[in-house]
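Q: Could you put the structure up, so that we can go through it together?

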Amino acid sequence: MRAGTARSGESMLAQLVLSGISQGCLYALVALAMTVVYRATTVVNFGHGDLLMAGAFAVYVLVIFAKVPFIPAALLAIGLLFATGVGIQHWLIRPILRGPHLSLAMMAIAVGYFLRGVARVFWGREVLPFPKIYPDKSFFLGSVVLNSSDLVITGSAIALFFLLWLLFAVTPVGKTAQAVFQSQRGAALVGINVGAFHGAMWGLGAAMAAVGGILIAPVTLLYPDMSASTLIRGFAAMTLGGFGSFPGAVIGGLLLGVMEMLVGGYVGSRFIDITAYLVIILVLLVRPVGLFGRQVVVRV
Amino acid sequence: MTNSIRRSALVILAVTGLAATAQAADTTGITDTTIEIGIPGPMTGPNSSFGAAVYGVQSIYRYFNDQGGVNGRKFDVIIGDTACNEAKGVAVAKKLISQDKVFLINGGVCSGVALAMKPVIEEAGVPWVVSTAANQHISSPVVPTIFHAIQTSFDMGVSMAKFAISKPEVKRIAIIEHTNEWSKGYRDPAVEYLKGKGLEPVAEVTLERGQTDATAQVLKLKDVKPDFILVILYEPELAVFLRDAHKYALGVPMVGSLGADFQSTQNRLGGPDAMKGFYMGFLYKALIDSPRMKKWHDIVAKYLPQGEKLTDYSFYGAGSAIAVVDVLKSLGRDVSRERFVEAMNKLHDFDTEILAGTLSFSPTNHLGAQDLYTIGYDDAGKLSVYSAWGKKAE
């Protein structure tokens, strides 16, 4: 009897951790995309959740109305969101770049709400099933269950993390980002086109939002407000991992996903929703730079 | 001096009398040719699928307009979008009352929002026939101008508990719920009823609004091995919970509240697989596409806005509009808010031909509807209406 209970306890723990990792991958994706924009421009893109929604809707429109097959539609949507990100930076962020940070954050929020408003005009009352290209199957690892969505989300997220690591650690993009983050004027003096770089990073962040949207929409289904709760969790993951840290965003997202599950499973399901907020409060109080963030030293 | 006092007294009497007369005949929202009706409900946001109920109510008024209206007046319907949000709901109530100057309000979807709107509507004295929001505290204790023309969460909570224990051998009942007033409206009467039968819930688990994963909740429920689960969740979270319950093979029969539409939930889940073993409160006499409901099915379908899909939710409120029209007809041309309220209080055993049971109000009871059924798949995979576990209502 005791052995049975212990086994059931272990199985519950394993299930919670694995499901937490799958959920955490989504948070990590959001945190990572926000980090890309933050690293390049020092702007926290609070409109990121709505870019995620826009990416998912772009795929939906292309597949359902334009009858484009799913994979080309997903690639087109990612490209479209990249262009949108570049456009946002060029026409909306660049003109106010020298203004206070609050204005930049407000602009990001305003863009997000605008996108959500547009989606509401067309699909305000709809909750749409997202086109799926994989069957809904369950897989058993002992008594632990994983389904195809968990595997697709986790696999895609890991592939994307690896690609981003390559981009920022192996190519010169990482050093350029570091230079621009440290001093935009300094970066410009050594020949970096800061404006174009900012545009590219906004584009990359928006393209990653599209990837996030494509992964999350089969789980949440498609509606204009689909990303509201994911955004705050992405922000919490970013805070936990450390602002501006790529590994931090990934680890923060995964930790938050697992924490939510464990809190729900062992403390009380009513605390799941406040876990992200508690993480933000605790991290800001105890270690404001997060797990992997570094204190910025300004030489005078 | 005495004459002057007498004159003053007469003037005061005349003025008070006039005011009293004016007060006794509040005809705001009534013209020679129209009756203004306000319908608040969520037309946008994550709970916008409940907006189908708003269009259902609107359809009834459009139908009667095409029949020539009521006693020479046609209905002018104004929809207010509450987005299932308390602050927006209050703003909508104020707009309908002060700006649109409606004669009455026939709507109210999302109980939390309706409860937030209640003080505004009550203070204005505008008659409110609640069409959809199920919390009994909207109309109980009695507010003279507020009538509940739909089964309440109290009735539904009791009915859920009754349905669960009508299954033989059911002793261990668990609950999954939101932590909000709406959820409490179902949970409290259900738990009270179970206590009366000597049963205590073996677990109470929460799934908050906006959550997209219910793994922890499902595993916790699985751990306590319940015989039956009462599911008090709105539609988006209900779909998440049923999806994960199916994924983790929870395998426990469940009965859900009125916070969702059966068909729409199934659509969200992409098919009936995860709906098996799940039953949901059902307000109507029969399935909406059954011969018994054909008349109103065809009417609501005809008058829905173009592109709007017909679901069970399209009828969630239509019965209340039929009752409003009937009461207005009974008033003749002399329509005022006071006369409307008086006539509503006299409505007795009124068959809407849609709602299960009949509507009855009195000055001391504004909870007009009580009878409820349950809907779910039978063993052969046919959608059926039940009056108790294994007992079909049709």
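What follows is a conversation about the two chains, from overall dimensions to single side chains.

Q: Before we start, what kind of model is this, and how are things numbered?
A: This is a predicted model, in which local features need pLDDT of at least 70 and side-chain atom pairs count only at pLDDT 80 or more, while totals for chains, interfaces and linings use all residues. Residues are numbered from 1 along each chain as its sequence is written, chains are lettered from A and ligands numbered from 1 in the order in which they are written, and side-chain values use heavy atoms, with hydrogens and water left out.

Q: Fine. How many helices and strands are there in chain A?
A: Chain A has 11 helices and two strands, where helices (H or I, at least four residues) and strands (E, at least two) are DSSP runs numbered from the N terminus. Read from the N terminus, the order of elements is α-α-α-α-β-β-α-α-α-α-α-α-α.

Q: And how does the radius of gyration of chain A sit against the globule rule?
A: The radius of gyration is 20 Å, close to the 19 Å that the rule gives for 300 residues, so chain A is as compact as a globular protein of that length; the radius is taken over C-alpha atoms, and the rule is 2.2 Å times the number of residues to the power 0.38. Along the principal axes, the C-alpha atoms of chain A fill a box of roughly 70 × 50 × 35 Å.

Q: What share of chain A is buried?
A: Of its 300 residues, 54% count as buried, meaning under 20% relative accessible area, with exposed set at over 50% and partly exposed in between (1.4 Å probe, protein chains only).

Q: Switching to chain B, what span should helix α11 have?
A: At 1.5 Å a residue, the 13 residues of α11(B), residues 318-330, should span 18 Å, and the end C-alpha atoms are 19 Å apart, which agrees; the expected span is 1.5 Å times one less than the number of residues.

Q: Is that helix mostly covered or open?
A: α11(B) is mostly covered, with 10 of its 13 residues buried, among them A318(B), I322(B), V325(B) and L328(B). After the helix comes G332(B), with a positive phi near 70°.

Q: How many salt bridges are there overall?
A: Over all chains there are 21 salt bridges, each being a side-chain nitrogen of Lys or Arg within 4 Å of a carboxyl oxygen of Asp or Glu.

Q: Which residue pairs with R333(B)?
A: R333(B) forms a salt bridge with D32(B), and the closest N and O atoms are 4.0 Å apart. The pair links distant parts of the chain, 301 residues apart, with D32(B) in the loop between α1 and β1 and R333(B) in the loop between α11 and α12. D32(B) is exposed at 57% relative accessible area, whereas R333(B) is partly exposed at 41%.

Q: What about K285(B)?
A: K285(B) meets D351(B) in a salt bridge at 3.2 Å, N to O, and these residues are 66 positions apart in the chain. K285(B) is buried, at 12% relative accessible area, while D351(B) is partly exposed at 38%.
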